[in-house]
Amino acid sequence: MKAMSHFLVQFSYASASIKGMIGQPDVDRAAEASAMAASLGAKLLGYWYAFGEFDGVVLMEAPDSRVAASIAMAIRAAGQLSRLETTVLLTMDEAREAMRKAAAASHLPPGEKENR
């Protein structure tokens, strides 16, 4: 079984969405988001409101980036958010594998000449 990929989703609500949530504060936004993600094969691991640059943060696992992209598209199409950013997260094992591959890469920084 293939391991699921993890994604950090940061978002800000549109003004109309905030007004609607204030008018209906008992609606469980996390449950609604979780159901939508599940309908596309993903799972929400956490849903938090935040202070600062974003109104909320979601930690999600999905089979691959295509599924995460489809979720982002569906959310954006609904028009309820003013901003949405999805970041792919790597496990430490994935990061170490990337580091090993980077160490083996043949790369010349701009301006350097290859010595042959």
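Let me start with charge. The protein has 12 positive and 13 negative side chains, and the centres of the two sets lie 6 Å apart. Lys and Arg count as positive, Asp and Glu as negative, and His and the chain ends are not counted. Each charge is placed at NZ of Lys, CZ of Arg, CG of Asp or CD of Glu.

Ground rules next. This is a predicted model, so local features need pLDDT of at least 70 and side-chain atom pairs pLDDT 80 or more, while totals for chains, interfaces and linings use all residues. Residues are numbered from 1 along each chain as its sequence is written, and side-chain values use heavy atoms, with hydrogens and water left out.

Now the fold. We have four helices and four strands. These are DSSP runs, numbered from the N terminus: helices are H or I with at least four residues, strands are E with at least two. The order from the N terminus is β-α-α-β-β-α-β-α. The radius of gyration is 19 Å, well over the 13 Å that the globule rule gives for 116 residues, so the protein is more spread out than a compact globule. That radius is taken over C-alpha atoms, and the rule is 2.2 Å times the number of residues to the power 0.38. Along the principal axes, the C-alpha trace spans about 70 × 40 × 25 Å.

How much is buried? Of the 116 residues, 24%. Buried means under 20% relative accessible area, exposed over 50%, and partly exposed in between, with a 1.4 Å probe and protein chains only.

On to the aromatics. Rings of Phe, Tyr and Trp (its six-membered ring) pair if their centres lie within 6.5 Å; planes under 30 degrees apart are stacked, over 60 edge-to-face, the rest tilted. The count is four pairs. Tyr 47 and Tyr 49 have ring centres 5.9 Å apart and planes at 70°, so this pair is edge-to-face. Tyr 47 is buried, at 19% relative accessible area.

Last, two neighbours. Ala 14 sits in the loop between β1 (5-13) and α1. It is buried, at 18%. Its C-alpha lies 4.7 Å from that of Leu 81, 67 residues apart along the chain. Beyond residues up to four places away in sequence, Ala 14 touches Gly 79, Gln 80, Leu 81 and Ser 82. Contact here means heavy atoms within 4.5 Å. Ser 15 lies in helix α1 (residues 15-23). At 65% relative accessibility, Ser 15 is exposed.
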